[in-house]
Amino acid sequence: MSVLGANFRHDLEIRRYPLLLYVLVPLTALVLQAWLPRVLGSYAWFDLPLVVTVYFALGRRSPIQGTIMGAAMGLFEDALSHHAIGINGIAKTTVGFLAASFGVRIDVENHTIRLILNFLLSLLSSAIFVFVYRVMLGLDLKWQWFTEVFRAIGNSLIAMVLFPLLDRLLIRE
Amino acid sequence: MDSFFTRYRNLLVLLAMLMAQIVGLAVQVRRTDEGRSTVDPTDAPGVRLIRLWAEAMVAPPERLIHGSKMGVSSFWQNYIDLRHVREQNHDLQKTIDRLRLEQASLLEDARQGERLQALLQFQQRYIYSTVPAQAIGSSGSDQSRVFYLDKGSSDGLKPDMAVITADGIVGKVRDVFPHTAQILVINDPTSGAGVILETTRTRGILTGNASGLLEIVGILADNRIKPGENVVTAGGDLIFPRGLPVGVVEKVLRDPDRDAFIDVIVKPAAHLDRLDEVLVITNTQPRFSPEQQQDLTTSEEVKGAEVEAIKDQLKASQIMAERLPGLIDPNLPPDQQPLLDTSNPVPVAHPPQALHPDRFTPEATTGTVPVASDGSKPAASGVPQSAKPQTAKPERNP
């Protein structure tokens, strides 16, 4: 439970970014997530807001910040869809919290670990989405498990490119 | 107590966030009379406000991206790809002329149909007015097949209006904002449209499945439904006017849940994955609109005279054909028919005579002996007589 505590032993290792980046990167991710499926059609197997949430949650290592960011991104995605608002919100809130909690314990400089974590959290996000939709709300959802696996792979591929790019914008002290 | 909140504040924040969203979901989802859960189709004011904020944040960048894309393509089309434009323009003008002629000739049929429908009190709805719009964004999720248009309530759009392209139906307006509108595509599982199969006249409900394919559900097993059959809107859903193309039957599958039913998979006529420009039907009318009437009148004025001229020409040619001697005159004996007229500069080629005449040979059935042009009998060796024209001039009856 030390992960859930307030005193982080990694406080000194918190990654910091330019303030503008906290606004621009999530907004860009949301806009691209809304626009790219029009270009790629049914092959848009990725979730850019999730990738960005995982990246900042891992880097910031603050479960509260990760939770809030995940909730904001998820609610935003829900608002653009015709689903009830909160389904993606719950999924990404949990993912943001877990990513930040893992960030406390793992070496976030290790690229491979971040990619694996991204893949697993993508699957978890899909699982929570389906759970909330079908079990909690009792709504009829038609989904295919392999699509969710493809999406997790797509997220990992994007993370492979995006994470090093965002690392370059890190404020070095 | 203070240390408890301090110690578990991360967890408490998480639980608070989750609980708030669960409560929010509980407000939005309700139970139907049949005991099924469903999302309230009309958003509560708070929910609508969140959607409005999200749309207001995403729409401007999307418009910018879309505008840039359109600008580049416009530059390409207007300045670089201008080859053969003059020829295309000429061809298009010809097509317009031809279509105007066709329209003018069809006008009377259309009016007659309208009169008959009025007599039968048949409330057929025609497309009265449309608003062209550009698709600028999507929901970003394949679980929610919606997209956004760059036109909204300020352009006259309202919920439940039909969205179409020239190829076929696309979906309906689900939600309208001041300058944008959310469109629910017909291949979404929550979508539905009344359709009819063109040949078998089988009616059904069109909806989407998990893969984004269109399927007609609730049809009793019918062997007559074959791939390739056209599917059109039935007009009973009060959204899509009747007769709009939907797609063609791709395959017919057994309903996995109900043995007596089948699922008809439909290939959409419109390119649902690559939508760019669409038309929103903002109004439908049971009769021709004044604009349509004006179009038809214009067409009639412009091309109606030509149609009349063509009709006159056809009539004159028929009269001439009746007055002029025909190729076969029933009053003349066979050897004096106009066909045998050698004054004709283009002689009529006779078919070669049969090598072995039998009872099916025309001359044999009549019992006459075939006579060659020079009056001699046909060669017994079987060599066909030449089909040279007759030398004798035919006599005309006074």
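This is a predicted model: local features need pLDDT of at least 70, side-chain atom pairs count only at pLDDT 80 or more; totals for chains, interfaces and linings use all residues.

Helix H4 of chain A comprises residues 87-105. From its first C-alpha to its last, this helix reaches 28 Å, close to the 27 Å expected at 1.5 Å a residue.

Attention may now turn to chain B, where 6 strands close into a barrel. Their order is E8-E9-E10-E13-E12-E11, and the pairing is antiparallel. On average, neighbouring strands of this sheet are turned by 40° against each other, direction ignored. One of the pairings joins strand E10 (residues 214-220) to strand E13 (residues 261-268) of chain B through 5 bridges. Within chain B, Glu215(B) stands opposite Ile265(B), a residue of E13(B).

The last topic is the contact between the two chains. Here 46 residues of chain B are in contact with 41 residues of chain A. Several elements of chain B give two or more residues to the side that touches chain A, among them helices H1 (2-7), H2 (9-28) and H3 (45-80), as well as strands E2 (37-39) and E3 (126-138). Strands E4 (146-149) and E7 (181-185) of chain B also belong to this group. Which element gives the most to this side of chain B? It is H2(B), with 11 residues. By class, the side of chain B that touches chain A has 22 nonpolar, 16 polar and 8 charged residues.

Technical notes
Residues are numbered from 1 along each chain as its sequence is written. Chains are lettered from A and ligands numbered from 1 in the order in which they are written. Two strands pair if DSSP finds at least two bridges between them. Helices (H or I, at least four residues) and strands (E, at least two) are DSSP runs, numbered from the N terminus. Axes are lines fitted to C-alpha atoms, for helices over the stretch in contact, and angles run from 0 to 180 degrees between N-to-C directions. The expected span of a helix is 1.5 Å times one less than its number of residues. Two residues are in contact if their C-beta atoms, placed from the backbone, lie within 7 Å. Ala, Val, Leu, Ile, Met, Phe, Trp, Tyr, Cys and Pro count as nonpolar, Asp, Glu, Lys and Arg as charged, and the others, Gly among them, as polar.
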